[in-house]
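Please read them with the coordinates open.

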Amino acid sequence: MDFSISKDTQTILDMIADFMEKEVYPLEPYLLREDFKELDVELEKKRRKVKEMGLWGPAQPKEYGGMGLGLVDFGLVSEAIGGSPLGHYIFGCQAPDAGNIEILHEHGTPEQKERYLRPLVEGKIRSCFSMTEVEMPGSNPTLMETSAVKEEGNYVINGQKWYTTSADGAEFAIVMAETNPNASRYKRASMIIVPTDTSGFDLVRNINIMGHQGAGFFSHAEILYHSCRVPQENLLGEEGAGFVIAQQRLGPGRIHHTMRWLGICSRSLKLMVERAAMRPIAEGKVLADKEIIQAWIAESAAEIAAARALTLQTAWKAENLGWKETRQEISMIKFVVANTMQRIIDRALQVHGGLGMTDDTILAYFHRHERAARIYDGADEVHKLSLARQILKPYRAEMQKARESIHA
Ligand SMILES: Cc1cc2nc3c(=O)[nH]c(=O)nc-3n(C[C@H](O)[C@H](O)[C@H](O)COP(=O)(O)OP(=O)(O)OC[C@H]3O[C@@H](n4cnc5c(N)ncnc54)[C@H](O)[C@@H]3O)c2cc1C
């Protein structure tokens, strides 16, 4: 494994670091005081600048105007832009669009690519991904109530979804619905593209998350699909291939999240260190003189380095050996990095004392919005069980023998 950073990548990272400090972090107060209208105007200006700098869509296909970076380089870039909740959006590689871009690129028809993929990569429209249901467990999406019934060349969709992130203002949703209820468990559902102006696509509400409703890109909606009718040509990929495509979307999605979380870890540590170094705490002493704070700083730096190494190793493996070979590592990074991030945000909040509880720094925002990291894209428990199952697989026969031995 070669983890050396090429000269070109280093140049990109330096440009990004400078841009984040001068242009991105200063926009965060708009987000923190929830002035979404003004924020949108400012975000568009920064997106134009990123395009002029040639840094738009770092992981998006080159043929559609992205930079086409490989996973390892994108990992480094993602950490650099992930220090702000605005970073990925400004650089045109934000979830859920990034995942939708990948599956449209892989499975879209030429018409779907022209109508949905191209403007999405160019940042002219936004999209959302509508899989999780209110009444059914998101951890087991084979249990799904939303149906899409074929009728006169259309799919008629009925169901109730929530946590459709960024649906507010999106041009289209990629909806997971059951098209083949009599097929085997993993072949029942399909992905269908639903323009959000279709009659029967009802955005019921943006859900309050930790007391904040958000808006536009920064929101999570509940959607009612109420006899929502779209042409059959809006099927993405094969009928019944919904789970296969969802898995293809989730592998890269998980690694993209962890790469972004590393940015949050690094920013939180930087804020923790700066505060500790500058906060007088007793006569002739600052907070950073206290050993307990020094231990937090050291532990955080070491935990970030370990999480980064695991993430980059996973990226390298996925890139060189494929996603299937990387299943265990994907599960590992998902819960390891999510928990590392949470510990570091929490220590940074603690070091900031009362200030940490306010929105005068970005830390409280991280605390509110990144708790969900242990839940979305597979809850921690699901990843741990899946990883343990794979590790235990060679011991199946011995386990069975031992189980039976107790009755002998
Ligand atoms: C901020 C945020 C954004 C999201 N964005 C999207 C989106 O854009 N599109 C979308 O479709 N969905 C989205 N989701 C939904 C997300 O994917 C689901 O919340 C997740 O899959 C968990 O499903 P659930 O909420 O139904 O929890 P459940 O499936 O009910 O699980 C609840 C808890 O049970 C435990 N658990 C579950 N399974 C097991 C098991 N096998 N063994 C032991 N314990 C278990 C876990 O602790 C889990 O947290 C988002 C969620 C959040 C919080």
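1. The ligand is surrounded by 19 residues, the closest being Met-131, Pro-137, Gly-138, Ser-139 and Thr-165, where a residue is near a molecule if its C-beta atom, placed from the backbone, lies within 6 Å of it. Two or more residues of this shell come from each of β1 (127-130), β3 (154-165) and α13 (380-392); helices (H or I, at least four residues) and strands (E, at least two) are DSSP runs, numbered from the N terminus.

2. This is a predicted model, in which local features need pLDDT of at least 70 and side-chain atom pairs count only at pLDDT 80 or more, while totals for chains, interfaces and linings use all residues. Residues are numbered from 1 along each chain as its sequence is written.

3. By class, the shell around the ligand comprises 11 nonpolar, seven polar and one charged residues, with Ala, Val, Leu, Ile, Met, Phe, Trp, Tyr, Cys and Pro counted as nonpolar, Asp, Glu, Lys and Arg as charged, and the others, Gly among them, as polar. Because domain 2 (127-236) and domain 3 (244-395) both give residues to this shell, the ligand lies between them.

4. The domain assignment of the chain also gives domain 1 (7-108), the bounds coming from an automatic or database domain assignment. The centres of domain 1 and domain 2, taken over C-alpha atoms, are separated by 26 Å, and their contact takes 11 residues from domain 1 and 11 residues from domain 2, two residues being in contact if their C-beta atoms, placed from the backbone, lie within 7 Å. On the side of domain 1 that touches domain 2, α3 (36-52) and α6 (97-107) each supply at least two residues, and the largest share, five residues, comes from α6.

5. The largest nonpolar core has 98 residues, and those with the most contacts inside it include Ile-157, Val-175 and Ile-192; such a core is a set of buried Ala, Val, Leu, Ile, Met, Phe, Trp, Tyr and Cys residues joined through C-beta atoms within 7 Å, and a residue is buried if 20 or more other C-beta atoms lie within 10 Å of its own. Helix α8 (residues 242-278) gives the most to this core, with 12 residues. Not counting residues up to four places away in sequence, Ile-192 touches, among others, Tyr-155, Ile-157, Val-175 and Leu-236.

6. For the chain overall, there are 14 helices and 10 strands, and 42% of the 408 residues count as buried.

Note on methods
Buried ≥ 20, exposed ≤ 12 C-beta atoms within 10 Å, placed from the backbone.
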